[in-house]
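Subject: Structure handover

Hi,

Here is the structure I promised to pass on. Please open it alongside this note; my findings follow below.

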Amino acid sequence: MSTKNTREGRYVYCIANSGKETDFGHMGVENSFVVTLPVKDMGAIVHRCEVKLYKTEDKEKALEWLLTHQYVIDLATKEFGTVIPLAFGNIFAGDDEAVKKWLDGHYSQLKTLLERLEGKEQYEVQVFLENEFVRKTIEENEEIQNLRKEIENKTKGAAYLLKKQQEKRLALIECHATRLYNEVRELGDEVRLELTDKKASEKWQDKLMILNLSCLVRKDRVQKLTTLLEEVNRREGFAVRFTGPWPPYSFVAGIGGSKGRQDVK
Amino acid sequence: MEPSRLECDINDVLDKLLNKGLVLNADLIISVAGVPLLGVNLRAAIAGMETMLEYGMMEAWDKSTREWYTKEFAGRMAAPLVMGEEAIIRTFGSIWSSQGIISTWKPGFLYLTNNRLFLWRKEPPEMLFEVSLDKIERLMVKKENHFKKEREALYLQFDCGEVARIHVSNVTELEQAIKMIVGKELENRIVIPSERTPLPKGEEIIREEKLWYLFPAQSILGETWRPGRLCLTNKRLFWVYRVDNQKMFEVPLDKVTSANVKAHVLVPGIKAEDKVLNVAYDGGRALFYGKVEKLCEMESAIQEIFLKPLVPSIVRKT
C-alpha cells in the first residue's frame with residue numbers, strides 16, 4: 001500500500017442525474033473541495049484526494065466523516081433531485097478523466113438505476129411488539145393454558161410447555177410481520193426486508209422488533225404510508241419507528257456494486 | 001406521525017453508510033488483495049468492542065483470508081440459517097479451539113436454532129462450530145478460572161464422543177434452552193478429555209507440578225526459564241512446555257541419579273538465595289524453579305521412588 005500513497009485519487013460521494021458542472025465548496029470530508037464531474041446528463045460528486053484510506057481510531061472523527069459523507073449526498077439530492085449514494089470510503093484510483101471514463105463506460109447501467117430511483121425516497125420502517133404484549137398474548141392462548149394445567153410439576157412437560165410457548169411466540173411474530181409486510185409493500189415501489197436483530201436505542205428496549213423494512217417510496221405515496229403506520233402504531237401492543245427520507249442506500253448495491261465487481265474479474 | 005431523520009441513531013448511519021450504498025469496482029478503489037477497505041476501520045472505531053468481535057481482527061487478516069473473504073463478500077450479511085430454521089438464541093459466544101500448538105477461544109455469534117447449535121463468525125465468514133441438536137448426548141456447566149476470574153463454561157458431548165467447550169455470557173440460559181429444545185434427558189457428567197498426550201498403558205502420573213524449567217541455551221538465546229509442568233510417572237520424569245504442550249525434557253527414571261532442592265548460585269534470572277530443584281541424570285542435569293513447597297514435594301516424590309521402586313526395572317544408580 002505504501003507505494004500507492006501518493007497516487008492521485010477521487011473520493012466519490014454519489015452519482016447524480018445531472019450533467020451540470022458545479023462545486024459545493026469545502027463541504028467534504030476533512031473540508032475537501034467538492035466538485036461535480038459531468039458526463040453527458042450524469043455526474044459524479046467527488047473531492048480530489050490521494051489514494052489513501054480514511055482511517056481513524058477516534059470515534060468522534062469517524063462519526064464526523066460519516067455525517068459529512070451523508071451531508072454531501074443530501075446537498076446533491078437537493079441540487080439534482082435523484083442520486084445514487086455510494087457507501088463511505090470509495091476512492092477511485094485515478095484523475096478526473098478516469099472517473100469520467102468509468103461513468104461513460106457504465107452509463108446505461110447507471111442511467112437505468114437513476115431512472116428507477118427517480119421521484120422516490122427511501123424510508124425505514126421498524127415495527128415493534130411490546131414484550132409484555134407478547135407474553136400476555138401467549139399466556140392467553142388456550143392451548144398454552146391447557147398445557148399449563150396438565151403438566152403441573154413434571155419437568156419433561158415443562159420443557160414441552162416452553163417449546164410450545166416458543167412456537168406460539170414465533171407464530172405470533174410471523175403472523176403480524178407477514179401481514180404488515182404485505183400492507184407496506186402495497187405502498188412502496190420496492191420493499192426490502194432487513195435483519196430484525198439490529199440494535200435499537202433505549203427507547204425501544206422493552207420491545208421486540210418483528211419487522212425491519214427499507215422502502216423505496218414514490219414521493220406522492222409517502223402520506224399514505226404515514227397514515228398506515230400511524231394506524232399500526234395505535235394498535236395495542238404495537239410501536240412503529242419511521243425514519244426518512246434517506247438517500248436510497250438500500251436500493252443501489254446491486255448495480256456496479258458487489259455483483260458488478262465479480263463480473264469485472 | 002411524520003417520518004423524520006431527527007430520531008435516527010448511530011446505528012442507522014453506520015448501517016447505511018458502511019453496509020449499504022453503491023460500491024465501485026474493486027480495481028478502481030483502494031483495496032488490499034482485492035478487498036475494498038470501505039470504512040471497516042471506522043465501523044470498529046464507532047461501534048467498539050462488539051463490532052470488533054463481529055468483524056474479527058481486520059488489520060491482521062492475511063492475504064488468503066482476504067481473498068476468501070472477497071469470494072464470500074456478496075453473501076456476507078446473510079444469517080446462515082436454512083429454510084424453516086428459526087434462531088431461538090443468538091448471542092456472542094466463543095468456543096475453545098485447540099489445534100496443533102494454538103489453543104485459543106474463538107469468538108463469534110452463537111446461534112441456537114430449533115435444530116442446530118452453531119458458532120458463526122460474520123467477517124471473515126466462517127462456521128467455527130456446528131452441531132445438530134440430536135447429536136448432543138451430555139451437557140454440563142462448569143465453573144472455571146479465566147484470567148483469574150471465575151466464569152462458567154458449557155461442555156457438550158456428542159454421540160461421537162467429542163467434547164466442545166463453549167462460553168457465552170449467560171451459560172445457564174443457554175443450557176436451559178438446549179435442554180428444552182432437545183426435549184430428552186441429557187446426562188450432565190462429562191469427563192473432560194485432557195489436552196495432554198495420553199500416557200501409554202501401565203504408566204501413571206505420580207506427581208505433577210507447575211514448575212519453570214531452565215531451558216538449555218539455543219543458538220543466540222542463552223538459558224531461559226520457561227513455564228510448564230513437571231510430571232513424575234512410574235516410568236519417567238518429563239516436563240511439558242505450557243505454550244505448546246510439547247515435551248522438552250524427558251528422562252527415564254532409571255537414568256535419574258539424584259533430585260534435590262537447594263540454592264544454586266550460578267543460575268540466571270533468579271536470586272542467589274532462591275532454591276531450585278536439581279535433577280541429575282546420566283548425561284546432564286535439569287533445573288526447575290517454582291514455589292519452594294512444590295519443589296520440595298516433587299523432590300520427595302522422586303526420592304520416594306528411589307526408596308521404594310514401583311517398577312522393578314528401575315536400577316538405582318548412586
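Helix α1 spans residues 10–19 of chain B, and its buried residues are B:Leu14, B:Asp15, B:Lys16, B:Leu17 and B:Leu18. Buried means that 20 or more other C-beta atoms lie within 10 Å of the residue's own; 12 or fewer means exposed, anything in between partly exposed, with C-beta atoms placed from the backbone.

A word on the ground rules. This is a predicted model, where local features need pLDDT of at least 70, side-chain atom pairs count only at pLDDT 80 or more, and totals for chains, interfaces and linings use all residues. Residues are numbered from 1 along each chain as its sequence is written, while chains are lettered from A and ligands numbered from 1 in the order in which they are written.

Chain B overall

Chain B holds six helices and 16 strands. It has 318 residues, of which 25% are buried. Take its contacts with a separation of 6 or more: 50% of them join residues 24 or more positions apart. A contact here means two C-beta atoms, placed from the backbone, within 7 Å.

The sheet

Seven strands of chain B form an open sheet with antiparallel pairing, in the order β13-β12-β11-β10-β16-β15-β14. The edges are β13 (247–252) and β14 (256–263) of chain B; each has a single partner strand, so one side of each lacks a neighbour in the sheet. On average, neighbouring strands of this sheet are turned by 30° against each other, direction ignored. The axes behind that angle are lines fitted to C-alpha atoms (for helices, over the stretch in contact), and angles between N-to-C directions run from 0 to 180 degrees.

Two strands pair if DSSP finds at least two bridges between them. β14(B) and β15(B) run antiparallel and are joined by seven bridges. B:Ala280 faces B:Arg285 of β16(B). These two strands make a hairpin with two residues between them, and B:Gly283 in the turn has a positive phi of about 95°.

B:Gly290 sits in the loop between β16 and α6 (292–307) of chain B. Is B:Gly290 buried, partly exposed or exposed? It counts as partly exposed because it has 18 C-beta neighbours inside 10 Å. Beyond four places in sequence, B:Gly290 contacts B:Glu209, B:Lys210, B:Leu211, B:Trp212 and B:Leu295. B:Lys210 is 80 residues away from B:Gly290 in sequence, yet their C-alpha atoms are 7.5 Å apart.

Confidence

pLDDT is the predictor's confidence in each residue, from 0 to 100. Chain B averages 74, and 72% of its residues score at least 70. Residues 48–66 of chain B fall below 50; this stretch has 26 contacts beyond near neighbours in sequence. Residues 310–318 of chain B also stay under 50, with 12 contacts beyond four places in sequence. Chain A has a mean pLDDT of 84, with 89% of its residues at 70 or more. For the complex, the predictor gives an ipTM of 0.75 and a pTM of 0.54.

Best wishes

Note on methods:
Helices (H or I, at least four residues) and strands (E, at least two) are DSSP runs, numbered from the N terminus.
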